[in-house]
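Hi everyone, thanks for coming. Let me put the structure up on the screen, and then we can walk through it together.

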Amino acid sequence: MNTNNGHILTDKQLVQKVLQGDTRAFGDIIKKTEKLVAIIVLKMIPDAEDQKDIAQDIYLRAFRKLSGFQFQSKLSTWIAQISYNTCVDHLRKKKTVFVDLQNSFTDFEDDDSTLQNYFSSSGNMDTEKQLILKERKKLLQTAMDQLPPLYKTLISLYHQESLSYEEIGQVTSLPSGTVKNYLFRARKNLKNSLLIHYKKEEL
Amino acid sequence: MNQHHLSEDVLQEFAADPVKARPETKEHLRHCEFCKEQVKTYQGLFTQISNMEEPSFSFDLTTEVLAHLPSVVQGKPIKQFQLLPYLVAAIIFISGGIYFFRNEILSLSKIKDEMSLYIISTCVLSVLLFLLTDMYKNYEQKMKSFELI
């Protein structure tokens, strides 16, 4: 990692170094932002080969535009914005629906107690419980995979990357209210998918 | 849903960030077991999501990207280096021209007709200005196309 007398360089110092021709500094920028880019690319793009090409393309675009970056947002947010736009362009070219606005939900209003049991019984970590937990992780992953690309991305950015509604709005160029609304739909969709599975399991 | 219970979005908001919840929401949850259970359900869901394996690339992205960068980064020093032979050639060409045509150049000072001198110098300056403007426009266009890629 590029350091300045033992201190990790700030975004501004890293950008300046890259603009002076230091490619190692750009490597540090990649390492700093890779996790966020991975969340967006892996959630938005289903094909593994495309994921690799798009991830490279994102950083090459960022590199070319770096001299125009004005630090009006965090460097990571700016790169995430490029990532999101690159993925959306790709999905549009492939004519893939990345947000399903027509999606209707099946409500299970009086059955939340069943799902509450589903989440709460993970206290003791003996072998059987660990297996159940592993199975539930798998189920949640399956339910997540079934969501439209944008919903998956929003859920991961909010709950895994701890981005605020405003930051997600900056990345996706969506108003905060829309981000909130999509997140609400995505979570409800996820909860209902798990409920459907839980009900099937009980039968 | 029962109109006396909290709406789904309020429940989600509370589960995600209880600190920011409105006092009425907190008050309602103090008494309503049904809504409390729903909040716990969402909190369980959120905990599971945040505990999910973080997505990561199966390849070394830094190496892959850096392998494609040098052509762009090293472009600057190569360009500067390439300018030197052109500069030397230009100096030799111009000074050679001045040397070979020294008599003609010197005879320019002997032109007594101010009108001719004015026309010659205006033509030379206009052509020079036109060429410089054209070169600058080309340069700007090329720089813009690099940024757009």
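Let's start with a count: how many salt bridges does the rule find over all chains? The count comes to 14. Please keep in mind that this is a predicted model.

Here is one of those salt bridges to look for. Lys32(A) pairs with Asp11(A), and their closest N and O atoms are 2.8 Å apart.

Now let's turn to the place where the chains meet. On the chain A side, 48 residues are in contact with 39 residues of chain B. The size of an interface is often given as the accessible area lost when the parts come together. Here, chain A and chain B bury about 4,200 Å² between them, and 68% of that is on carbon and sulfur atoms.

What about polar partners? Across this interface the rule finds eight residue pairs in polar contact, and it finds three salt bridges. In one salt bridge, Lys191(A) meets Glu8(B), with the closest N and O atoms 2.9 Å apart.

Which elements of chain A give two or more residues to the side that touches chain B? They are helices H2 (23-44), H3 (48-65), H5 (112-120), H6 (127-145), H7 (149-160) and H9. H2(A) gives the largest share, 13 residues. By class, this side of chain A has 23 nonpolar, nine polar and 16 charged residues.

Last stop: the second largest pocket. Its volume is about 470 Å³. The lining has 21 residues, and those nearest the centre are Tyr165(A), Lys180(A), Asp9(B), Glu13(B) and Phe14(B). Helix H8 (165-172) and helix H9 (176-202) of chain A each give two or more residues to this lining, as does helix H1 (8-16) of chain B.

Which helix gives the largest share of that lining? It is H1(B), with six residues. By class, the lining has eight nonpolar, five polar and eight charged residues.

Definitions and conventions
Residues are numbered from 1 along each chain as its sequence is written. Chains are lettered from A and ligands numbered from 1 in the order in which they are written. This is a predicted model: local features need pLDDT of at least 70, side-chain atom pairs count only at pLDDT 80 or more; totals for chains, interfaces and linings use all residues. Side-chain values use heavy atoms; hydrogens and water are left out. On a 1 Å grid over the protein atoms alone, a cavity is a set of points where a 1.4 Å probe fits but cannot get out, and a pocket is an open set with protein on both sides within 12 Å along at least five of seven lines; lining residues have an atom within 4 Å of a point. Grid points are joined across faces, edges and corners, and a volume is the space filled by probe spheres set on the points. Helices (H or I, at least four residues) and strands (E, at least two) are DSSP runs, numbered from the N terminus. Ala, Val, Leu, Ile, Met, Phe, Trp, Tyr, Cys and Pro count as nonpolar, Asp, Glu, Lys and Arg as charged, and the others, Gly among them, as polar. Contact means heavy atoms within 4.5 Å. Buried area is the accessible area (1.4 Å probe) that two parts lose on being put together, summed over both. A salt bridge is a side-chain nitrogen of Lys or Arg within 4 Å of a carboxyl oxygen of Asp or Glu. A polar contact is a pair of N or O atoms within 3.5 Å; within protein, one must be able to donate a hydrogen and the other to accept it, and residues adjacent in sequence count only if both atoms are side-chain atoms.
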